[in-house]
Every structure is written in structure tokens, then in C-alpha cells.
Amino acid sequence: MSGPADPHPQREHRRRVLKGAAILSGINTSVVQCTIRNMHENGAELTVAAEARVPKEFLLYVPADSVGYRATLRWRRLDRCGVSFSGTEPKPHWYYG
């Protein structure tokens, strides 16, 4: 017999980072600049302009790492948002950042 589910599951350890990044969506090759505040293997917390539109799914390109993370928006509060990663991709050919 198994016990009740833990109401507070263990969260992944998030490394504090300060990296510039770009939210890239295929719609009209849209680019939104952002900053990664903390990151772990499966997601990150971003700082974006409060008035910026963040799509539900996008590619988060991190020039310092030369990696694009396939991301899904999980939550948003003012100028912060949390995303989960579902894989990586190369930098799109149309993005020059």
C-alpha cells in the first residue's frame, strides 16, 4: 500500500545565472529579448519587459551557450515568467543575434 501523495514535491535545484537570451517565435520571425535569472535541466525563470508578449511555445535562444531550447510558458507574473524545456534545436537561420 502506498502513502498519500506529497503535497509539496521536491523541486529541482535551480542554478542562479544571469544570461541574455531571445524568445524566438516563427510568427513573422518575432524576437523578444529577455534575461535568464535561474535555470535547471528542465526549465528556467526569465525576466522580460512587462508589456512584452510571450507566446505559449517558442524557442529560447541563449547566445552564450549557442543553444536553442524548445520552451513552453508555464506561468507569468508582471516581468517574470517560468518555462519548461522539451528539447534543444540549433539557432534558426533567420536570427542574427
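A residue is called buried when its relative accessible area is under 20%, exposed when it is over 50%, and partly exposed in between, with a 1.4 Å probe and protein chains only. The model is a predicted one, in which local features need pLDDT of at least 70 and side-chain atom pairs count only at pLDDT 80 or more, while totals for chains, interfaces and linings use all residues. Residues are numbered from 1 along each chain as its sequence is written, and side-chain values use heavy atoms, with hydrogens and water left out. Helices (H or I, at least four residues) and strands (E, at least two) are DSSP runs, numbered from the N terminus.

## Salt bridges

Side chains of opposite charge can pair when their charged atoms come close. A salt bridge here is a side-chain nitrogen of Lys or Arg within 4 Å of a carboxyl oxygen of Asp or Glu. The structure holds three salt bridges, and the table lists them.

| Pair | N to O distance |
|---|---|
| K19 and D65 | 2.8 Å |
| R80 and E45 | 3.1 Å |
| R70 and E89 | 2.9 Å |

K19 and D65 meet through their side chains. This pair links distant parts of the chain, since K19 belongs to strand β1 and D65 to the loop between β4 and β5, 46 residues apart. K19 is buried because its relative accessible area is 18%, whereas D65, at 30%, is partly exposed.

R80 forms its salt bridge with E45. Here too distant parts of the chain are linked: R80 is in strand β6 and E45 in strand β3, 35 residues apart. With a relative accessible area of 28%, R80 is partly exposed, while E45 is buried at 13%.

R70 forms a salt bridge with E89. R70 lies in strand β5 and E89 in strand β6, so this pair ties together parts that are 19 residues apart in sequence. R70 counts as partly exposed because its relative accessibility is 29%, and E89 counts as partly exposed at 33%.

## Nonpolar cores

A nonpolar core is a set of buried Ala, Val, Leu, Ile, Met, Phe, Trp, Tyr and Cys residues joined through side-chain atoms within 4.5 Å. The largest such core has 21 residues, and those with the most contacts inside it are I23, I36, L46, F58, L60, V83 and F85. Two or more residues come from each of β1 (15–25), β2 (30–40), β3 (43–47), β4, β5 and β6. The largest share, four residues, is given by β2. Apart from this core lies another, of five residues, among them A22, L24, L59 and Y95.

Contact means heavy atoms within 4.5 Å. Leaving aside neighbours within four places in sequence, V83 is in contact with N42, G43, A44, L46, F58, A71, T72, L73 and R74.

## Backbone

Most residues other than glycine have a negative phi. S66, although not a glycine, has a positive phi of about 55°. S66 lies in the loop between β4 (57–62) and β5 (67–77), and it counts as exposed because its relative accessibility is 54%. L78, also not a glycine, has a positive phi of about 50°. The loop between β5 and β6 (80–89) holds L78, which is exposed with a relative accessible area of 72%.
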